[in-house]
Amino acid sequence: MRFSVQTTILFVFALLFLSCSGKNRGAKEYLSEARIAYEEGNYALAKLKIDSIKLVFPKAFDEINAGFSLMQEVRLAENRRNILFCDSMLRVQYDELKAMLTKFDYIRDDRYQEFGEYFSKAYPHSASLDRDGLRAGVREKGALFIESILGSSSVKHNRVKVTAKDGTFAETGPVTADGMNYRFNTSVRSYEIVRYIGDDASGLAQFIHTMQDQPLTLHFIGNRTVTTTLTRGAKRGIGESYELSTLLLNIEQLKLEKEKSEVLIRYLESRK
(Lines give C-alpha, C1' and ligand atoms only; values in the text may rest on other atoms or scores of the structure.)
Protein backbone atom coordinates (compact mmCIF):
# COMPACT_ATOMS: atom_id res chain seq x y z
CA MET A 1 0.00 0.00 0.00
CA ARG A 2 1.34 3.39 -1.00
CA PHE A 3 0.82 6.68 0.87
CA SER A 4 0.87 10.03 -0.82
CA VAL A 5 3.11 12.78 0.53
CA GLN A 6 0.04 14.64 1.80
CA THR A 7 -1.21 11.55 3.63
CA THR A 8 2.20 11.03 5.25
CA ILE A 9 2.33 14.64 6.48
CA LEU A 10 -1.17 14.36 7.94
CA PHE A 11 -0.19 11.12 9.66
CA VAL A 12 2.88 12.74 11.26
CA PHE A 13 0.82 15.71 12.48
CA ALA A 14 -1.73 13.34 13.95
CA LEU A 15 0.99 11.52 15.88
CA LEU A 16 2.39 14.80 17.19
CA PHE A 17 -1.08 15.97 18.22
CA LEU A 18 -1.80 12.74 20.08
CA SER A 19 1.60 12.85 21.77
CA CYS A 20 1.17 16.46 22.89
CA SER A 21 -2.41 15.97 24.03
CA GLY A 22 -1.30 12.93 26.06
CA LYS A 23 1.36 14.96 27.78
CA ASN A 24 -1.07 17.79 28.43
CA ARG A 25 -3.49 15.35 29.99
CA GLY A 26 -0.76 14.40 32.46
CA ALA A 27 -0.12 18.05 33.25
CA LYS A 28 -3.83 18.64 33.77
CA GLU A 29 -3.97 15.69 36.17
CA TYR A 30 -1.07 17.14 38.19
CA LEU A 31 -2.80 20.50 38.30
CA SER A 32 -6.09 18.90 39.37
CA GLU A 33 -4.32 16.95 42.12
CA ALA A 34 -2.63 20.17 43.25
CA ARG A 35 -6.01 21.93 43.52
CA ILE A 36 -7.47 19.06 45.54
CA ALA A 37 -4.48 19.09 47.89
CA TYR A 38 -4.85 22.87 48.28
CA GLU A 39 -8.55 22.59 49.10
CA GLU A 40 -7.80 19.86 51.66
CA GLY A 41 -5.14 22.04 53.32
CA ASN A 42 -2.26 19.80 52.27
CA TYR A 43 -0.13 22.71 51.10
CA ALA A 44 3.15 20.80 50.95
CA LEU A 45 1.66 18.28 48.51
CA ALA A 46 0.02 21.05 46.49
CA LYS A 47 3.35 22.84 46.06
CA LEU A 48 5.07 19.59 45.14
CA LYS A 49 2.50 18.86 42.41
CA ILE A 50 2.74 22.40 41.04
CA ASP A 51 6.54 22.29 40.92
CA SER A 52 6.38 18.90 39.21
CA ILE A 53 4.35 20.30 36.30
CA LYS A 54 7.31 22.47 35.22
CA LEU A 55 9.75 19.58 35.59
CA VAL A 56 7.75 16.77 33.97
CA PHE A 57 5.79 18.80 31.42
CA PRO A 58 8.03 21.77 30.50
CA LYS A 59 5.93 22.59 27.40
CA ALA A 60 2.52 22.51 29.09
CA PHE A 61 2.47 26.30 29.22
CA ASP A 62 -1.21 26.71 30.10
CA GLU A 63 -0.92 24.33 33.05
CA ILE A 64 2.36 25.90 34.16
CA ASN A 65 0.75 29.35 34.20
CA ALA A 66 -2.29 28.03 36.02
CA GLY A 67 0.04 26.35 38.49
CA PHE A 68 1.81 29.64 39.12
CA SER A 69 -1.51 31.31 39.98
CA LEU A 70 -2.48 28.41 42.21
CA MET A 71 0.91 28.55 43.94
CA GLN A 72 0.18 32.14 44.96
CA GLU A 73 -3.06 31.01 46.58
CA VAL A 74 -1.31 28.10 48.29
CA ARG A 75 1.32 30.39 49.76
CA LEU A 76 -1.30 32.84 50.95
CA ALA A 77 -3.29 30.09 52.64
CA GLU A 78 -0.18 28.52 54.11
CA ASN A 79 0.98 31.78 55.67
CA ARG A 80 -2.49 32.65 56.97
CA ARG A 81 -2.58 29.26 58.68
CA ASN A 82 0.89 29.89 60.07
CA ILE A 83 -0.29 33.18 61.60
CA LEU A 84 -3.21 31.41 63.25
CA PHE A 85 -0.85 28.78 64.64
CA CYS A 86 1.57 31.42 65.96
CA ASP A 87 -1.26 33.38 67.59
CA SER A 88 -2.55 30.22 69.25
CA MET A 89 0.89 29.24 70.57
CA LEU A 90 1.64 32.79 71.70
CA ARG A 91 -1.53 32.89 73.81
CA VAL A 92 -0.48 29.67 75.54
CA GLN A 93 3.09 30.78 76.06
CA TYR A 94 2.16 34.24 77.33
CA ASP A 95 0.01 32.53 79.97
CA GLU A 96 3.02 30.39 80.94
CA LEU A 97 5.21 33.47 81.02
CA LYS A 98 2.82 35.35 83.28
CA ALA A 99 2.93 32.51 85.81
CA MET A 100 6.69 32.04 85.51
CA LEU A 101 7.56 35.70 86.04
CA THR A 102 6.14 35.54 89.56
CA LYS A 103 9.33 33.64 90.45
CA PHE A 104 11.57 36.49 89.29
CA ASP A 105 12.63 39.99 90.24
CA TYR A 106 12.94 42.50 87.42
CA ILE A 107 15.95 44.80 87.72
CA ARG A 108 16.72 47.75 85.48
CA ASP A 109 19.01 50.71 86.03
CA ASP A 110 17.55 53.65 84.10
CA ARG A 111 20.94 55.32 83.96
CA TYR A 112 22.50 52.86 81.53
CA GLN A 113 20.09 50.02 80.78
CA GLU A 114 17.57 50.24 77.95
CA PHE A 115 16.20 46.81 78.86
CA GLY A 116 16.03 45.17 82.25
CA GLU A 117 16.99 41.70 83.43
CA TYR A 118 15.17 38.97 85.34
CA PHE A 119 16.76 37.31 88.37
CA SER A 120 15.28 34.31 90.13
CA LYS A 121 13.95 34.93 93.64
CA ALA A 122 15.34 31.51 94.59
CA TYR A 123 18.82 33.09 94.55
CA PRO A 124 18.23 36.82 95.09
CA HIS A 125 20.43 39.19 93.14
CA SER A 126 20.82 41.42 96.19
CA ALA A 127 22.36 38.57 98.21
CA SER A 128 24.47 37.01 95.46
CA LEU A 129 27.66 38.80 96.56
CA ASP A 130 27.50 37.25 100.02
CA ARG A 131 29.28 34.05 98.99
CA ASP A 132 31.25 32.46 96.18
CA GLY A 133 29.00 30.95 93.54
CA LEU A 134 27.03 31.40 90.34
CA ARG A 135 24.06 33.60 89.56
CA ALA A 136 21.98 33.66 86.38
CA GLY A 137 20.01 36.41 84.70
CA VAL A 138 17.72 36.61 81.69
CA ARG A 139 17.32 39.62 79.44
CA GLU A 140 13.90 40.75 78.28
CA LYS A 141 14.28 39.11 74.86
CA GLY A 142 15.37 35.81 76.39
CA ALA A 143 19.18 35.93 76.28
CA LEU A 144 20.62 34.04 79.23
CA PHE A 145 23.81 34.91 81.07
CA ILE A 146 25.61 33.41 84.05
CA GLU A 147 28.06 35.19 86.32
CA SER A 148 30.68 33.53 88.50
CA ILE A 149 31.34 35.49 91.69
CA LEU A 150 34.50 34.89 93.70
CA GLY A 151 35.25 36.95 96.80
CA SER A 152 37.13 34.59 99.09
CA SER A 153 40.30 34.37 97.00
CA SER A 154 42.17 36.19 94.26
CA VAL A 155 43.00 33.80 91.43
CA LYS A 156 42.10 35.96 88.41
CA HIS A 157 39.71 33.28 87.19
CA ASN A 158 38.33 33.53 83.65
CA ARG A 159 36.33 30.31 83.37
CA VAL A 160 34.42 27.85 85.51
CA LYS A 161 33.62 24.18 85.54
CA VAL A 162 30.71 22.43 87.25
CA THR A 163 31.03 18.73 88.06
CA ALA A 164 28.61 16.10 89.32
CA LYS A 165 29.40 13.09 91.51
CA ASP A 166 29.41 10.72 88.55
CA GLY A 167 32.17 12.72 86.84
CA THR A 168 30.03 14.44 84.24
CA PHE A 169 30.68 18.15 83.89
CA ALA A 170 30.09 21.35 81.96
CA GLU A 171 32.83 23.91 81.43
CA THR A 172 32.83 27.39 79.96
CA GLY A 173 35.40 28.80 77.59
CA PRO A 174 37.80 31.44 78.92
CA VAL A 175 36.42 34.98 79.12
CA THR A 176 38.90 37.83 78.75
CA ALA A 177 36.85 40.64 77.18
CA ASP A 178 36.54 43.93 79.06
CA GLY A 179 33.16 44.30 80.70
CA MET A 180 32.75 40.53 80.90
CA ASN A 181 35.65 39.88 83.26
CA TYR A 182 36.11 42.49 85.95
CA ARG A 183 37.26 43.00 89.52
CA PHE A 184 36.41 45.54 92.19
CA ASN A 185 36.91 46.20 95.88
CA THR A 186 34.52 47.12 98.66
CA SER A 187 35.28 48.05 102.23
CA VAL A 188 34.78 44.40 103.15
CA ARG A 189 36.39 42.33 100.41
CA SER A 190 37.60 42.08 96.82
CA TYR A 191 35.52 40.48 94.08
CA GLU A 192 36.12 38.75 90.77
CA ILE A 193 33.04 38.55 88.54
CA VAL A 194 33.02 36.91 85.12
CA ARG A 195 29.97 36.92 82.83
CA TYR A 196 29.31 34.02 80.44
CA ILE A 197 26.91 34.46 77.53
CA GLY A 198 25.91 32.51 74.45
CA ASP A 199 26.83 28.83 74.26
CA ASP A 200 28.97 29.06 77.40
CA ALA A 201 26.02 30.22 79.50
CA SER A 202 23.42 27.98 77.87
CA GLY A 203 25.51 24.84 78.10
CA LEU A 204 26.32 25.47 81.77
CA ALA A 205 22.72 26.35 82.65
CA GLN A 206 21.31 23.33 80.85
CA PHE A 207 23.73 21.04 82.72
CA ILE A 208 22.82 22.54 86.10
CA HIS A 209 19.11 22.44 85.22
CA THR A 210 19.42 18.74 84.44
CA MET A 211 21.54 17.91 87.48
CA GLN A 212 20.05 20.30 90.05
CA ASP A 213 18.81 17.50 92.32
CA GLN A 214 22.39 16.24 92.73
CA PRO A 215 25.37 17.72 94.61
CA LEU A 216 27.36 19.91 92.22
CA THR A 217 30.87 21.30 92.65
CA LEU A 218 31.90 24.64 91.17
CA HIS A 219 35.51 25.17 90.09
CA PHE A 220 36.88 28.70 89.58
CA ILE A 221 39.81 28.29 87.17
CA GLY A 222 42.54 30.95 87.00
CA ASN A 223 46.09 31.14 88.33
CA ARG A 224 44.94 28.23 90.46
CA THR A 225 41.64 26.47 91.03
CA VAL A 226 39.24 27.24 93.86
CA THR A 227 36.26 24.96 94.49
CA THR A 228 32.98 25.33 96.32
CA THR A 229 29.62 23.60 96.43
CA LEU A 230 26.73 25.10 94.53
CA THR A 231 23.91 25.89 96.92
CA ARG A 232 20.40 24.59 96.42
CA GLY A 233 19.21 28.16 95.85
CA ALA A 234 21.85 28.79 93.18
CA LYS A 235 20.98 25.56 91.34
CA ARG A 236 17.29 26.31 91.48
CA GLY A 237 17.81 29.91 90.37
CA ILE A 238 19.89 28.85 87.39
CA GLY A 239 17.40 26.11 86.49
CA GLU A 240 14.49 28.55 86.59
CA SER A 241 16.48 31.08 84.57
CA TYR A 242 17.16 28.44 81.92
CA GLU A 243 13.43 27.68 81.69
CA LEU A 244 12.54 31.37 81.45
CA SER A 245 15.17 31.95 78.78
CA THR A 246 13.85 29.02 76.74
CA LEU A 247 10.28 30.30 76.98
CA LEU A 248 11.18 33.90 76.07
CA LEU A 249 13.27 32.75 73.10
CA ASN A 250 10.39 30.57 71.90
CA ILE A 251 8.05 33.57 72.13
CA GLU A 252 10.47 35.73 70.17
CA GLN A 253 10.78 33.03 67.50
CA LEU A 254 7.00 32.75 67.18
CA LYS A 255 6.71 36.53 66.86
CA LEU A 256 9.38 36.47 64.14
CA GLU A 257 7.64 33.66 62.23
CA LYS A 258 4.34 35.53 62.42
CA GLU A 259 5.95 38.73 61.17
CA LYS A 260 7.59 36.90 58.25
CA SER A 261 4.22 35.44 57.25
CA GLU A 262 2.55 38.85 57.46
CA VAL A 263 5.24 40.39 55.24
CA LEU A 264 4.92 37.58 52.69
CA ILE A 265 1.13 37.89 52.63
CA ARG A 266 1.38 41.61 51.89
CA TYR A 267 3.84 40.86 49.09
CA LEU A 268 1.67 38.14 47.54
CA GLU A 269 -1.46 40.26 47.72
CA SER A 270 0.35 43.16 46.04
CA ARG A 271 1.07 40.91 43.05
CA LYS A 272 -2.55 39.95 42.44
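Tutor: Let us start with helix α4, which lies across β5, β6 and β9 and runs at about 20 degrees to β5. Helices (H or I, at least four residues) and strands (E, at least two) are DSSP runs numbered from the N terminus, and contact means heavy atoms within 4.5 Å. Axes are lines fitted to C-alpha atoms, for helices over the stretch in contact, with angles from 0 to 180 degrees between N-to-C directions. This is a predicted model, in which local features need pLDDT of at least 70 and side-chain atom pairs count only at pLDDT 80 or more, while totals for chains, interfaces and linings use all residues. Residues are numbered from 1 along each chain as its sequence is written, and side-chain values use heavy atoms, with hydrogens and water left out.

Student: In what order do the strands of the open sheet of 4 strands stand?

Tutor: Two strands pair if DSSP finds at least two bridges between them. Here the order is β6-β5-β9-β10, with antiparallel pairing. The edges are β6 (169–171) and β10 (225–229), each with a single partner strand, so one side of each has no neighbour in the sheet. From one strand to the next, the twist averages 20 degrees. Between β5 and β9 there are 6 bridges, and R159 has I221 in β9 as its bridge partner.

Student: What is the order of the open sheet of 6 strands?

Tutor: That sheet reads β1-β2-β3-β4-β8-β7, and its pairing is antiparallel. Its edge strands, β1 (104–107) and β7 (181–185), each pair on one side only. Antiparallel strands β4 (residues 144–150) and β8 (residues 190–197) are joined by 6 bridges, and I149 has I193 in β8 as its bridge partner. Helix α4 (residues 199–211) packs on this sheet as well, touching β3 (133–139), β4 and β8, with its direction at about 80 degrees to that of β4.

Student: How many salt bridges does the rule count?

Tutor: Side chains of opposite charge can pair when their charged atoms come close. The rule asks for a side-chain nitrogen of Lys or Arg within 4 Å of a carboxyl oxygen of Asp or Glu, and the count comes to 13 salt bridges. D87 and K258 form one of them, with their closest N and O atoms 2.7 Å apart. D87 lies in helix α3 (residues 61–100) and K258 in helix α5 (residues 232–270), so this pair ties together parts that are 171 residues apart in sequence.

Student: Are R135 and E147 buried or exposed?

Tutor: Buried means under 20% relative accessible area and exposed over 50%, with partly exposed in between (1.4 Å probe, protein chains only). Both R135 and E147 are buried, and their side chains meet in a salt bridge of 2.6 Å, N to O. Through shared partners, salt bridges join E117, R135, E147 and R195 into one network. By contrast, D87 counts as partly exposed, at 22% relative accessibility.

Student: Which residues touch the most other members of the largest nonpolar core?

Tutor: A nonpolar core is a set of buried Ala, Val, Leu, Ile, Met, Phe, Trp, Tyr and Cys residues joined through side-chain atoms within 4.5 Å. The largest has 40 residues, of which L134, I146, V162 and I208 touch the most other members. Elements giving two or more residues to this core include β5 (159–164) and β9 (216–221), and the largest share, 8 residues, comes from α5. Apart from this core lies another, of 15 residues, including A34 and I50.
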